[in-house]
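Here are my notes on this one, point by point. Have the coordinates open while you read.

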Amino acid sequence: MNGPGDALATVELCKNFGALRVLREINFTLPHGCRHALIGPNGSGKTTLINVIGGALAPTSGKIVLEGEDITALTADQRVLRGLTRTFQINTLFPRLTPIEAVTMVVCQRRGIGASLWRSLKHSHDAIDEAYEILTQLHLAEDCDRPTAQLAYGRQRLLEIALALAARPKVLLLDEPAAGVPQQQSGEILHVISSLPDDIAVLFIEHDIDLVFRFAERITVLVAGRILCEGTPAEIAADPEVRRIYLGDEVHA
Amino acid sequence: MTAIEIPSPAQAPTTQERAHRVFAFTSRWRWEEVAFWLAAVISIVVFPTHLVLIAQVLITGLFALSFDLLVGYAGIPSLGHAAFFGIGAYTAGLLARGGWTEPISGLIIAGIVAGIAGLILSVVVSRLTGIALIMITLGVGQFFYEAAHSARGITGGDDGLSGINIAPIFGRFPFDFYGHTAVIYTLVVVFLLYLVARRIVNSPFGLELKGIRENVRRVPAIGVPLRNRYMVAFTVAASLAGVAGALLGQITQTVALSSLDFNRSAAALIIVMIGGMGTLIGALVGAAAYMVAQDRLADLNPVYWNFWVGLMLVLFVLFARGGLIGGVDRLLAWVRAKRNKA
């Protein structure tokens, strides 16, 4: 299943919270450069899956494989250095730091100078320029020197992605990147996501079905901690069970 | 030097220049810093009868500064920081007792011993957060206090260590009765360590400490090994606190059991609150305000001065969250805004 062509794979991944089985035998593969959506009703385990893959939670059993390497035992920060980065559904930012500081922190860490106590940050021009470049890509250049807490909510959502991109991931996990952003304003976020470099494999959770069908090359439907089905958007749209369990609810809602 | 270009409104800085300026601005010498160090030098000349107080302000300031690195930068709360101050003080005292009377190497050894103690503790502490972390540091502080209390043979127990002989600095400047050597020695050491702390907070590591303070949950998700950063921060802070303790031991030629007292840990927190957390210089300004107030108030009423300290603290927390430094910054911003309007 998880051939060398896959950026990420999970093998029989399970997560229990006490007696509650939140993830059940998740076998999932993400090929290089793929745009893969994870959908499912509330409480189906989507965010838990992101937390387990990203390393914030340890799985109860099963394996996580990144580019052919078993990373199950690695901590979250070690996974980031190997090219697996995530964003958060609820803004998880640095309120009193400016975007340029926050992104420069990630760049320094990736360049291996994060632990340096003696290097002058002010004179680390390369790192600052690289951080600035990333902020420019994400349309945040104009806001780069304002404290994060003062940025509009939509801008903060973009910064969420900027922090993850600064780690130069091979696999990017996006947990509802447009969550809470009014539909009229979500265009910018979608544009950013759709113009991500092709070599990054993206796994994203999204509730807006229109978005999912527009951007995803493949879709996995998670229901009650189990993979219900997986396929191309057309296949998923045609699947009667998905229509009944998931899409059907949307129609009635 | 190139000619100074006067920026015209038409040449507003580009966003990229503004990005770089964020870092230049954060690491700039604030005028409060310049003012504090000038005042420290001037006060030695102007108040020759208060040299002991001046030296103690600087030492307490260094101790509070080491605490600010932990609390104000990394956001790691501690109520047992006096342990490292005391370890440094006893190390310096015992070294001198044992015949190692050279002061500068004594300071360095005390700093290393306190740093090692900090490193060992940080292995435990870095696994914890919140109340558990505060409780552990409190417990460790009490542990060292009682250990020193009962180990009479080594520490002198309640009596502490006294009559410590310290050799002249560089073999040339003996510690004199008036405290001239002591205050200049203290000033130079504290200033140099201030420069070191300044360098650290303006490094990539310093930025990561602020990141940990601002959002401890995000930090692992951007690749920062949190435990390692906790451990380094704890070790550095412990080491600086140890040097502060050693300085006090050397210049007073005594080490009191109170160097390990919980009150000292609490004072560090109060001083950093008064001065302004996460500013470094706030620790020194706060130490000056706290100790001068203590000195004056104790003259007025030796029993109840803590009442005034308590009141001051409440007022600061309620009305001046950024402490003295934050208050001055706001005042200046207000004045500037008024002037721009006029």
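1. Helices here are DSSP runs of H or I with at least four residues, strands are runs of E with at least two, and both are numbered from the N terminus. On that basis, chain B has 14 helices and zero strands.

2. Some housekeeping. This is a predicted model, where local features need pLDDT of at least 70 and side-chain atom pairs count only at pLDDT 80 or more, while totals for chains, interfaces and linings use all residues. Residues are numbered from 1 along each chain as its sequence is written, with chains lettered from A and ligands numbered from 1 in the order in which they are written.

3. What about the overall dimensions of chain B? Along the principal axes, the C-alpha atoms of chain B fill a box of roughly 75 × 50 × 45 Å.

4. Buried residues make up 47% of the 342, where buried means 20 or more other C-beta atoms within 10 Å of the residue's own, exposed means 12 or fewer, and partly exposed is in between, with C-beta atoms placed from the backbone. A contact means that two residues have their C-beta atoms, again placed from the backbone, within 7 Å. Of the contacts in chain B with a separation of 6 or more, 79% are between residues 24 or more positions apart.

5. One helix pair to look at: α3 (residues 51-73) and α11 (residues 262-275) of chain B pack at about 80°, with axes 9 Å apart. Axes are lines fitted to C-alpha atoms, for helices over the stretch in contact, and angles run from 0 to 180 degrees between N-to-C directions. So α3(B) is roughly perpendicular to α11(B), given that 65 to 115 degrees counts as such, under 35 as roughly parallel, over 145 as roughly antiparallel and the rest as oblique. Residues in the contact include B:Phe63 and B:Phe67 of α3(B) and B:Ile271 of α11(B).

6. How many residues does each chain bring to the A/B contact? Chain B gives 30 and chain A gives 41. On the chain B side, α1 (15-26), α8 (180-201) and α9 (204-214) each supply at least two residues, and α1(B) has the largest share, with nine.

7. In chain A, β1 (residues 6-17) and β2 (residues 20-31) pair antiparallel over eight bridges, with pairing requiring at least two DSSP bridges. A:Leu8 sits opposite A:Leu30 in β2(A). Two residues separate the strands of this hairpin, and A:Gly18 has a positive phi near 60°. β1(A) also runs antiparallel to β4 (residues 61-66) of chain A, joined by five bridges; there, A:Cys14 has A:Ser61 as its bridge partner.

8. Two backbone angles to check. A:Glu25, not a glycine, has a positive phi of about 40° and lies in strand β2 of chain A. A:Ala224, also not a glycine, has a positive phi of about 50° and lies in the loop between β9 (218-223) and β10 (226-231) of chain A. A:Glu25 is partly exposed, with 15 other C-beta atoms within 10 Å; A:Ala224 is partly exposed too, with 15.
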